[in-house]
Amino acid sequence: MSEKPDPMTVPFGTVFCDWMATAPTANGVYGYAGSVEPYGDFTLSPAAHALHYGSAIFEGLKAHWQVDGSLAIFRLDDHVARMCQSASLLRLPIPDANVLRQMIIDTVEANVEEVPPPPGSLYIRPTLIGTEPNIGAAATPSSEALLYVVNCPVGDYFKGGVRPLTLLIEEEIPRTTPQFGMVKSGANYAMALSPTLDAMAENAAVDQILFATGGDITETGAANFFLADDNRVVTRQLDSSFLHGVTRSSVLALANDLGYEVEERPIELDELQQWAENGEAFLSGTAAVLSPVGTVLRGDAQITFGDGEPGSNTLRLRESLVAIQNGSGDDPHGWRTAVQT
Ligand SMILES: Cc1ncc(COP(=O)(O)O)c(C=O)c1O
């Protein structure tokens, strides 16, 4: 293994493991050689569809060291299914789920020496790009594609560990188009960049922008949004306008297991003040894990949840999620996939 910076001290996603897996299509069918190859650059036609017409999707999932010394990937099959769905929505050749699954497992097993100890983990980034060299194909899908999987050893996504985050509400500019939010596509992140940077330029203390177009709270740039109190866990009902987070669905299942009433429904901006007095807010995501929200900024108004510190329900839900991820708790839903070490 080559000498690399400590993943716990450098920004999330900037260190890459030694091994990757690739599967280019031939006549629209993915061909995976069945083994990993050294991480490195590849060649791409300057006319590749992804470079011109944005046919690029990705996934983000993690492998965690378990308390018994084994290694497991969290909700592998759900991430594979979401990637196949994103491919379908972008009209890219759809990967065979078993091939993609095996590519992910092969990279994790090859990079096992680079998986950091908790609270670190191995972030897995499957990526799919349209490679057809055809700049006339603005209104037609890419017939050829490249599927690949790279891994990053990572620490905390939000600097400073588990701490209350500050969110800034964006009511006017949507993160992406309503029909496209559920696709994990690079184009969505490109669209969110300007509103995010503009809003953050006004307040350096802001961790994430909470998109609430027309008052309808959906998600931040990298995570789903929740409210909780001693009895209830609330999040926006699914539709095509935002990402159907795998962590979101995990939190809902765990909340149900723990006896909370689970509400999937619209969350109005005007509700936040009332929740702030008696309840809690948090974000969920593969990178964000389950992160407490301390303060939400809406224009000049500052809404502070409780005393601004992580709430007890938030921490309880986080602990039950982390216990499944790191193997210290049972896995009643079958979310862990063990890999060879
Ligand atoms: C925009 C957005 N929303 C929500 C999430 C959370 O999704 P997941 O829990 O599947 O990681 C992410 C990604 O991590 C995201 O990028």
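Predicted model: local features only at pLDDT ≥ 70, side-chain atom pairs only at ≥ 80, totals over all residues.

**Between the domains.** Then I looked up who touches whom: 19 residues of domain 1 are in contact with 19 residues of domain 2. The size of an interface is often given as the accessible area lost when the parts come together. Here domain 1 and domain 2 bury about 1,600 Å² between them, and 61% of that is on carbon and sulfur atoms. On the domain 1 side I noted three names: Phe58, Phe74 and Arg82 supply 36% of the area that domain 1 buries against domain 2, more than any other three residues. I went on to count salt bridges between domain 1 and domain 2, and the count is zero.

**The largest pocket.** Next I checked the open spaces. About 760 Å³ lies in the largest pocket. I found 36 residues in its lining, and the closest to the pocket's centre are Tyr157, Lys184, Tyr189, Gly221 and Ala222. Among the elements that give two or more residues to this lining are helix H2 (76-89), strand S7 (121-130) and helix H5 (246-257). Helix H4 gives the largest share, five residues. I sorted the lining by class and got 17 nonpolar, 13 polar and six charged residues.

Where does the largest pocket lie relative to domain 1 and domain 2? Both domains give residues to its lining, so the pocket lies between them.

**The cavity.** A search of the whole structure turned up one cavity of 30 Å³ or more. The largest cavity holds about 60 Å³. I wrote down the residues that line this cavity: Leu61, Lys62, His64, Phe74, His79, Thr247, Gly285, Thr286, Val289 and Gln325. Strand S5 (residues 61-65) gives the largest share of the cavity lining, three residues. By class I have three nonpolar, six polar and one charged. I also checked which domains take part: at least three lining residues come from each of domain 1 and domain 2.

Methods:
Residues numbered from 1 in each chain as written. Heavy atoms only, no water. 1 Å grid on protein atoms, 1.4 Å probe; cavity = no way out; pocket = protein on both sides within 12 Å on 5 of 7 lines; lining within 4 Å. Points joined across faces, edges and corners; volume = space filled by probe spheres on them. Helix = DSSP H or I, 4+ residues; strand = E, 2+ residues; numbered from the N terminus. Nonpolar A, V, L, I, M, F, W, Y, C, P; charged D, E, K, R; others polar. Domains from an automatic or database assignment. Contact = heavy atoms within 4.5 Å. Buried area = accessible area lost by both parts, 1.4 Å probe. Salt bridge = Lys/Arg side-chain N within 4 Å of Asp/Glu carboxyl O.
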